[in-house]
Amino acid sequence: MSMATIPTQTHALLSIPVDSTTDFTVLAGHCENLADALLHRDEPASRQALCRRLAYCLGQLRPTLDDAIPPHLIESLTVDELPTNLPRFEPDADLLCGYTHVSASLI
């Protein structure tokens, strides 16, 4: 009699170390990558693991949203002229992060 084995699928994003000392720009990148990975996964267990990780990363990100931009990134995030078309979607960062955090926690 053979026993069925359940394959373990581990996503690389689940093993990236993240804690309260992780730079907020790095955390935001992890959150973006996790959300993108969720769009491309169909397996419920994998989706749940990615959602839990996204919720954790958003929880770490939220208190850092008002932190200063790290000096090494200022030049890459600065322009000499403002764009002629400004984006219209301008939600409050804390509200948007909180909404997404709660949404990811519910899954």
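This is a tour of one protein model, with something to select at each stop.

**The whole chain.** Begin with everything shown as a cartoon, keeping in mind that this is a predicted model. The protein has 4 helices and 0 strands, and reading along the sequence gives the pattern α-α-α-α. Of its 107 residues, 27% are buried. If you consider the contacts between residues at least 6 apart in sequence, 74% of them join residues at least 24 apart.

**Helix α1.** Next select residues 24-39, which form helix α1. At 1.5 Å a residue, these 16 residues should span 22 Å, and the end C-alpha atoms are 23 Å apart, which agrees. Now colour F24, L27, H30, C31, L34, A37 and L38, the buried residues of α1. Looking down the helix axis, you can see why they belong together: the buried residues of α1 fall within an arc of 140 degrees, so they line one face of the helix. On the face turned away from that buried side, select E32 and L39, which are exposed.

**Helix α2.** What lies over the buried residues of α1? Part of the cover is α2, residues 44-61. The 18 residues of α2 should span 26 Å at 1.5 Å a residue, and with its end C-alpha atoms 25 Å apart, the model agrees. The buried residues of α2 include S46, A49, L50, C51 and R53, and also L54, A55 and C57.

**Two salt bridges.** Side chains of opposite charge can pair when their charged atoms come close. In one, R41 pairs with E43, and their closest N and O atoms are 3.3 Å apart. E43 counts as partly exposed, because its relative accessibility is 32%. In the other, the side chains of D94 and R62 meet at 2.9 Å, N to O. This pair links distant parts of the chain, since D94 is in helix α4 (residues 93-106) while R62 is in the loop between α2 and α3, 32 residues apart. D94, at 39% relative accessibility, counts as partly exposed, and R62, at 32%, is partly exposed.

**A nonpolar patch.** Finally, select I69, I74 and L77, which form a nonpolar patch on the surface with about 280 Å² of accessible area together. I69 sits in the loop between α2 and α3, and its 41% relative accessibility makes I69 partly exposed.

Terms used
Residues numbered from 1 in each chain as written. Predicted model: local features only at pLDDT ≥ 70, side-chain atom pairs only at ≥ 80, totals over all residues. Heavy atoms only, no water. Helix = DSSP H or I, 4+ residues; strand = E, 2+ residues; numbered from the N terminus. Expected span 1.5 Å × (residues − 1). Buried < 20%, exposed > 50% of the residue type's maximum accessible area, 1.4 Å probe, protein only. Arc of directions from axis to C-beta. Contact = heavy atoms within 4.5 Å. Patch = residues over 30% accessible without salt bridge, like charges linked within 9 Å, V, L, I, M, F, W, Y side chains within 5 Å. Areas by Shrake-Rupley, 256 points an atom, 1.4 Å probe, with all protein chains shown as cover. Salt bridge = Lys/Arg side-chain N within 4 Å of Asp/Glu carboxyl O.
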